[in-house]
Amino acid sequence: MLRQGDGDHVMNANDLHMMEVAALHDTERDDYDLKTLPGSSVSDLDESALKQYLAKCRNQSRRLGQINDDSKILELTGVTSSSGELTYAGLYSLGFYPQAKLPALSITAAVQLPSDGTGRRIKNLKHFDGPAPALLEDSMEWVRENISSDRTYNESGHLVQESEIPMTAIREVIANALIHRDLGPDTVGAGKRVEIRITQDALVIESPGGLKGVSVSQLESSNLSKAAVNQRLYEHAKRTVTSDGHAVVEGEGGGILEVFQATRYANLRQPKLINSGVSFKVIFRRKKTAEHTFSSPPEPTPSQVSANADATKTSDLRLPHGKNVSIVFASVAEENKTIQEIMDATQLSEGQVRYALKPLLASGWIDMIGGQGNASTIYSSTTLPNND
C-alpha cells in the first residue's frame, strides 16, 4: 500500500518496481543520469549555457583547465558519452528543450481551490519547460506570484516586499526536487514530473523518486547530510546558473538546514518532509505559528543606553522581537535621533541599529522622519499604547 494525502492506495507496477530498485545496494543500481539518448548530440544543447558551463569547468578545475578540446570536457564531466550522444544529465542541465526527448523533465504547478460546489478545482495551471536552471527560475517566479507577501523593512532599513514563505527556502527545495528526482524508467518513462501545488494552507513540492543514501531523520538533524541521487547531474548543477548568476545548487548539502532556519525566523512551522519511497514531498505551512510580537528582549545595560529609566520602562512593553530592539527603542524614546546619534548613544554598530529599527518601524513603535539613506533622517518614538 502507498500512503498519500487522501488515504492508502494499492501500488501500481511502476511504484512496486521503484521500491524493489530502492532496496538494491548502491552498486546494483543503474546510474540513470548517465543513460544516453540515441540520436542526440551537442546540437541539442543551449549554446549560451554550454559556453558558460565550459568556462566554469575550466575555471573551477585545474585539470579541466588544461584541456582545449571542448568535447573532451563534455565527455569527462558526463554531458556526453564517448560516442558524442547526450546523457540524461547533459540534456537535463544544458539542453535547449529537453522535453522534446524526455517530456517528464518538467514541472507542473497549480493553485488548488477549496470545494465550493462549482466543480472548479484548480487555477493558474502552468507547465514549465527548458533545462533545469530555467525550470528553477520560472517556477520560482510562479510561486512568488501565487503566494501572498507583506511590505516590511530589511536590515538596512529599506522597505521591501517579503513573501509569506521565505523565497530562499522555496528555492532550495525546488532545486533539490529537480536535481535529486529519479531519472529511471518508472518515473521519466512513466511521465512523472516535479509537482508544485498551492492550497489554502500549504505549499507542496513533490519530486518523483524517494530518498536515496539519506533518511528524513538525517535531513532533519543538525548534522550535515548530503547524498546525490544523480551524481553527474549534481555536478552539472554546481556549474550551471540562473539569470541572476547563481548556481542551481551550492553543493555543500546544508540547504535543508537553511530551509528550517529561514522558516523558523519567519514564524512558520518547520516544513514537513515525507518520503514514501516512490516520491519525496516537502510541505510548507502557510499559517504563521505566532504574531510578529514576542516577549521582550533582554534589558539593556547602563553603558549601552544613557537613560536607564527609559530602558527599564521599555522592558515592560510588548516590543517586536529582535536583538537590541529595546536598546534602540529606549534611546529613541529619550530623544529623537539620527542613525549616527543612536549609534553613539547605544554603542551599537550601524548594522545592529538598522536591524533593530526594522521591526520597530514595521510595527509602528518608531516613526521615520526623512528619507532612506539620508544622514539627517530622524527616528522618533510614537505615542505609547495603553497596555492596561
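**Getting to know this structure**

Q: What covers the buried residues of helix 9?
A: First, a friendly note: this is a predicted model, where local features need pLDDT of at least 70, side-chain atom pairs count only at pLDDT 80 or more, and totals for chains, interfaces and linings use all residues. Residues are numbered from 1 along each chain as its sequence is written, and side-chain values use heavy atoms, leaving out hydrogens and water. Helices (H or I, at least four residues) and strands (E, at least two) are DSSP runs numbered from the N terminus, while buried means under 20% relative accessible area, exposed over 50% and partly exposed in between (1.4 Å probe, protein chains only). The cover on the buried residues of helix 9 includes helix 6, helix 7, strand 9 (272–275) and strand 10.

Q: How wide is the arc covered by the buried residues of helix 9?
A: Helix 9 spans residues 255–265, and its buried residues are G255, I256, V259, F260, A262 and T263. They sit on the same side of helix 9, because the arc they cover around the axis (taken from the directions from the helix axis to the C-beta atoms) is only 165°.

Q: Which exposed residues does helix 9 carry on the face turned away from its buried side?
A: An α-helix has 3.6 residues a turn, so residues three or four places apart point the same way. On helix 9, the face turned away from the buried side carries the exposed residues R264 and Y265.

Q: Which residues have the most contacts inside the largest nonpolar core?
A: A nonpolar core is a set of buried Ala, Val, Leu, Ile, Met, Phe, Trp, Tyr and Cys residues joined through side-chain atoms within 4.5 Å. The largest one has 67 residues, and helix 6 gives the most to this core, with nine residues. Those with the most contacts inside this core are I170 and I174.

Q: Which residues is I174 in contact with, leaving aside its neighbours within four places in sequence?
A: Contact here means heavy atoms within 4.5 Å. With those neighbours set aside, the partners of I174 are I107, L136, S139, M140, V143, I196 and I205.

Q: How many residues apart in sequence are the parts that R286 and E164 tie together?
A: A salt bridge is a side-chain nitrogen of Lys or Arg within 4 Å of a carboxyl oxygen of Asp or Glu, and R286 forms one with E164, their closest N and O atoms being 2.7 Å apart. R286 lies in the loop between strand 10 (279–285) and helix 10 (308–314), and E164 in the loop between strand 6 (159–163) and helix 6 (167–179), so the pair ties together parts whose separation in sequence is 122 residues.

Q: Are K212 and D182 buried or exposed?
A: The side chains of K212 and D182 meet in a salt bridge, with 3.5 Å from N to O. Accessibility answers the rest: both K212 and D182 are buried.

Q: What is the angle between the planes of F329 and W365?
A: Rings of Phe, Tyr and Trp (its six-membered ring) pair if their centres lie within 6.5 Å; planes under 30 degrees apart count as stacked, over 60 as edge-to-face and the rest as tilted. A search of the whole structure finds one aromatic pair. F329 and W365 form this edge-to-face pair, 5.7 Å centre to centre, with an angle between the planes of 85°.
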